[in-house]
Structures are given as structure tokens and as C-alpha cells.
Amino acid sequence: MSSTTPMFQVKPVCGGDIKIDLPTCMYKLPNVHAQQQESSCSSEHALQNREVDPAIKALEARQDEILRKLYELKAAVEGLAKTVTTPDADLDVTFSSGFSSQSSTMLKGSTDLDTLLGKDLGALRDIVINANPAQPPITLLVLHSLLCQHYQVLSTVHVHSSVSSVSPQLLSCLGPRHPDSYARHLFQLGFTLIWKEVPKLEMKFSVRNMCPIQGEANVARFLFKLLAPYPSDPAVATLVDSWVDTAFFQLAEGSAKERAAVLRALNSALGRSPWLAGPEFSLADIACYCCVLQSGSAPSAPANVQRWIESCGNLGHFSPAKLLLQ
């Protein structure tokens, strides 16, 4: 049985004769042909006299400003990309420092970053060092201080997730945060120290072009060459390398008997010249001085070594090492 009667009835809320005006176009634009006659005449006059419209001049100036900002942004992004592509991108705590205000160094000669490291336009050259906080690289802190006197260095300290905690002295070992640290393109060199649980100190400069450098002695040689060239005399250069190896393998890691033998050798060498490699201050003095202090051998050192330790301390280059060893 079916029924055509509806169950519910609703009265109409409006009449069926309502008319709605619909637009004939989706967008409306002003008529470009309906401009004032005066502006048209002035534009034709400017074109006939080869004059540039002021609106075009303003547009060109705005474009130049945008291009300048884009170039600065490109330089900053390329610099950041170097750090992000390293295996040490998982950083937890960050502290920064910048330029050093110490006195001029005794190092002779000059170096060019483009010659030593290759041209790298638009990006900051980043030196990334992984170091164990149980064995702070005192020599590298001294070399960092010297680098800040020669170049505009953006210095940062990070703590890797493999390290649970680091002392405040290690977090601030590269100095205070520089006010322009956000603008990487203003600096020539990036010096990044990462406190990480590593068996041996490791430095990475160019992830794509070179293998990591391991060992504090080898990293110290790399950094010192950014400050001054090695002696041109092969005998003197070999003497410098020999003292650097002696400092790290016998003074820093050797037994008490080995340290005593090194102190006697230092005393003999310093009796013939004011510095270990001759009349000029070199990496040999930096490495041996730091290792003598770190090993605790300074109080028992012979007379010539005591005089040399005082001379090194008067230079002012070793302030970071002294602060960290206190």
C-alpha cells in the first residue's frame, strides 16, 4: 500500500519571483586608455627626449637593493651549508666568540688564505675541530688567539650529544660572543671547537675535498701555516717539527724519566739561542711551552727553561692556556 501524501510539509520562506543580479565578469580592471591626457603627453615627451621615467628609476634602485640582499643571503646560506653537511651537525649547546684584542705577534712573514686554502667566493672557510674535554687542546687555543690577530675569525664552541657536561671554562675558552656573529659573510675564517667523546683530536676543513687531520700536533702545524710560513731552511723546518713531536709524544704523554730528558734538552737548546728553533719565535716554542705547563714540569725546570718560560709568558699569546690550566 503506497501513499503520495508527504509526511512533513514546510512553508516556503520566500517567494519564487526573486531576481538576483549577477556580475558579467570575474575581475574588474581600470581602463588603461582612460588616463589623463597630461600624463600621456608627459610620457611621450620623456620618451622623445630619451629621458628615464622616475618610476623606472625607483624600480631599478629597488631591484639593485634586492639583488644586494640576495647576494648577502646566498653567502650566508653557503657558509651554513658547509657546517650542516658535516657529520657533526647534531649540536646541543652553542657559544660564540669573535675578534681578539691582544697585542701584535712576533711571527714574521704573511700568508694569504686564497693561496693556502684555495678561493672560496661567497662562503666562510670553516675549520671544525673535535676535541675530548678530558684532554683540552691547549696549543690550539693559543693558535686560535694568534689567528684572531691576523684574520677576522668567527669562533664558536659546541657540545656534542656524546658529552654529558662541560665546565664553564671550556665553554668560554674561545672568548665572548661577537655581536656580529649572525653575519657570517663579515668574517674571513670560521673556527668551530666541538667538545666530543673522541679518542683522538680531529680537524675537518673541507668535507668534500680533504680527509680529516688527526692528532693535536698535526692540527697545530696546519693552523700555524695560516699564520706564517715554515722556515725556508729545511734544517730549521725539520728542527721545528722535531720539537713539536717531542712536545706531544714525550712531554705530554711520556713518563717522568722522558720528561726529565726533554727538559735537559730544552735547557741545552735555549742556552744557545733565545728560542728553540733559533732567533725567531716558532711553533716549536708554542708546542713545548704548552706541554711543559700542562705536564706540571715548569716548577722543576732548569734555569734556561725557566727564563724561556718567562719570556713566552710576557708575549701575551698564552693567556688562554694559562686561564684553562688554572
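Colleague: In this predicted model, are Tyr 289 and Phe 318 buried or exposed?
Modeller: Tyr 289 is buried, and Phe 318 is buried as well.

Colleague: What kind of aromatic pair do Tyr 289 and Phe 318 form?
Modeller: Tyr 289 and Phe 318 form a tilted pair, with 4.1 Å centre to centre and 45 degrees between the planes.

Colleague: Which parts of the chain does that pair tie together?
Modeller: Tyr 289 belongs to helix α9, while Phe 318 is in the loop between α10 and α11 (319–325), so the pair joins parts that are 29 residues apart in sequence.

Colleague: How many aromatic pairs are there by the ring-centre rule?
Modeller: The count comes to four aromatic pairs.

Colleague: Where in the chain do Tyr 289 and Trp 308 lie?
Modeller: Tyr 289 is in helix α9 (residues 283–295) and Trp 308 is in helix α10 (residues 303–315). This pair links distant parts of the chain, 19 residues apart. Trp 308 is buried, as is Tyr 289.

Colleague: Which residues do the ring pairs link into a cluster?
Modeller: The cluster consists of Trp 275, Phe 281, Tyr 289, Trp 308 and Phe 318.

Colleague: Changing topic, why is helix α6 described as largely enclosed?
Modeller: Helix α6 covers residues 216–225, and eight of its 10 residues are buried, so the rest of the structure largely encloses the helix.

Colleague: Which residues of α6 are the buried ones?
Modeller: They are Glu 216, Ala 217, Val 219, Ala 220, Arg 221, Phe 222, Leu 223 and Phe 224.

Definitions and conventions
Residues are numbered from 1 along each chain as its sequence is written. This is a predicted model: local features need pLDDT of at least 70, side-chain atom pairs count only at pLDDT 80 or more; totals for chains, interfaces and linings use all residues. Side-chain values use heavy atoms; hydrogens and water are left out. Buried means under 20% relative accessible area, exposed over 50%, partly exposed in between (1.4 Å probe, protein chains only). Helices (H or I, at least four residues) and strands (E, at least two) are DSSP runs, numbered from the N terminus. Rings of Phe, Tyr and Trp (its six-membered ring) pair if their centres lie within 6.5 Å; planes under 30 degrees apart count as stacked, over 60 as edge-to-face and the rest as tilted.
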